[in-house]
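Subject: Structure for your review

Hello,

Please find the structure below. My notes on it follow.

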Amino acid sequence: MPGAIHAEGLVKTFGEVRALDGVDLDVPEGTVLGLLGPNGAGKTTTVRCLTTLLRPDSGKAVVAGIDVLKNPDAVRRSIGLSGQFAAVDEYLTGRENLQMVGQLYQMRAKAAKARAEELLEQFDLTDAADRPTKTYSGGMRRRLDLAAALVVSPPVMFMDEPTTGLDPRNRQLLWDVIKRLVSGGTTLLLTTQYLEEADHLAHDIVVVDHGHVIAQGTSDQLKARTGGERVEVVVHEREHIRTASEVLRGFGKGETTVEEHMRKLTVPVTGGAKLLAEVIRELDTRGIEIDDIGLRRPTLDDVFLSLTGHVAEARDNDTEKEAAK
Amino acid sequence: MTAATDAVPVTAPAHPLVQSLRDSLVVAKRNLIRMSRLPDMIIFGLIQPIMFVVLFSYVFGGSMNIGGSTSSSVYREFLMAGIFAQTVTFSTAGAGAGIADDMHKGLIDRFRSLPMARGAVLTGRTLADSVQTALTLFVLALVALLVGWRTHTSFGEVLAAFGLLLLLGYAFTWVGALIGLSVRTPEAATSGGLIWLFPVTFISNAFVDSSRMTPWLQHVADWNPFSATVQACRELFGNPGVSTSDAWPMQHPVWASLIYSVLIVAIFRTLAVRKYRSASV
């Protein structure tokens, strides 16, 4: 059975640019898919195709069991979209914005009003409810935007870089909201440039680049693909580096790298926590004082780098958004 | 998954026309709230036509020949229908800039992702602009009365003239909507929305007696949709300077004005809604 969000062979070209070149996705009901990729990879275009904002040149898309191309209005009734730019009217108050969106979801005025009240409460915006959103901080606006996407508690949600540009506190706040949503059974497709975010929130991750899916799997699977674990040691005294290096050579499955100025040694290993304990014991026996030691696994940043050949934060910021217009 | 859609607490789908009307009113309300929070826009929107009234009346007033009279008071009465009509056409720029701004800020994407009537975003905007146009016309009429403009017909005819003006303004907001959807920035919509209005409003009977133009220009002026409304207003106000040209729109200005305005709405509404929908599913 196809998932709550299902795409097959999505293709979209803008003039010469093949923004999507056959994207396949499947998000099982009640799970979170993290769509990762550098700017211009096709993340936003994918979201726009799945949310009826853009007609793909070819391919198939089914959202909440409804064919996006055949019955877009029914899809619109079942989805919530929270975009990259907080799409709220800056001259309307928070409450007016939510009421308007509710009414446009075809709720009666009274029901829309009650729902707005509920959401303002839930998103901690009650105090600011009657101020034009122009006066809101970036984080408040983003929360209101997300609230607007949740007016009808849609079974399927799309969030396009929901925390880009937010401070850590507001990011944490949004993460909490997203986790609550998903635990309530909502299916979510989330695009992000923050690998940490995908690691934190997503069950499955799809990496796109140049309009192609280049990798997919759980965060653990992707990390395993990139390479195994490493032991990282920071010794207290610089003169201990040599001895420590000898110890690590005994346990390692490859070359030990040393960062002299950090007094840090890294060696690839297999054997996990048990091995780590042995390393600690051995270092202790030799009388080497350590500041820090740990078993490190590759971060998604490492994954990203090895898959795409470049780091996650890409440069030419607006190409995709421009193309999407 | 299909069961989940039933859980969405929305009312049963209404008749498309009912839904379209309801959604348009929701969007119109939104735009009216916006306008009320941007009073400087309304004030600047008023200053400009008031300036035109005063400048044209006093600068051109003494040197214009209207129906054989060069009296400045005759010109003032002649002028007002033209200024009113020109003022309502400027609603084009407001509508265009507003819609371009919504596109720019991502609001149009939000609307497009909602299960609302497709034309409602634009219809709501044009309705709200008409309310603003009506307000502007009201203030402008008061100023016109102050500088000596008078009507010489029944109240019903005067109202009918203002009705035609509002309809012309409404028609022009649809042109603005199309411009707003076609440009990349609100700034482009503002200037793009204004430029073409100058030839439209000046190659007409609005400020001068078109019978004194060179023949080909007079021809253009007589068939200009804008002239038809001006001529209709002059007739309905009982103001001087009604054109005696043989051109059909000058002979039957009320009908011509109605037909032109309805045609403009029909054509530009279709194009704008198509543009709004284009690219999306």
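In chain A, β6(A) and β7(A) run parallel and are joined by 4 bridges. Within that pairing, Leu81(A) stands opposite Phe158(A) of β7(A). Please keep in mind that this is a predicted model.

β7(A) also pairs with strand β8 (residues 187-192) of chain A, again in the parallel sense, over 5 bridges. Here Val156(A) has Thr187(A) in β8(A) as its bridge partner. Together with helix α6 (residues 168-183) of chain A, β7(A) and β8(A) make a right-handed β-α-β unit.

Strand β7 (residues 156-160) of chain A has 5 of its 5 residues buried, so it is largely enclosed by the rest of the structure. The cover is on both faces: Val156(A), Phe158(A) and Asp160(A) are buried on one side, Met157(A) and Met159(A) on the other.

Next, the contact between the chains. Chain A puts 39 residues into it and chain B 28 residues. On the side of chain A that touches chain B, the elements giving two or more residues are α2 (72-78), β6 (79-82) and α3 (94-104). The largest share, 6 residues, comes from α2(A). By type, the residues of that side are 24 nonpolar, 7 polar and 8 charged.

For chain B, an unreviewed UniProt entry places the feature "transmembrane region" at several spans, including 158-181 and 188-208. In the model, residues 158-181 of chain B are 100% helix and 0% strand, with the end C-alpha atoms 35 Å apart. Residues 188-208 of chain B are 67% helix and 0% strand, and the end C-alpha atoms of that span lie 30 Å apart.

Regards

How values were computed. Residues numbered from 1 in each chain as written. Chains lettered and ligands numbered in written order. Predicted model: local features only at pLDDT ≥ 70, side-chain atom pairs only at ≥ 80, totals over all residues. Contact = placed C-beta atoms within 7 Å. Nonpolar A, V, L, I, M, F, W, Y, C, P; charged D, E, K, R; others polar. UniProt positions renumbered as here; feature names shortened; annotations may be inferred. Buried ≥ 20, exposed ≤ 12 C-beta atoms within 10 Å, placed from the backbone. Pairing = 2+ DSSP bridges. Right-handed = clockwise from strand over helix to strand, strands pointing away.
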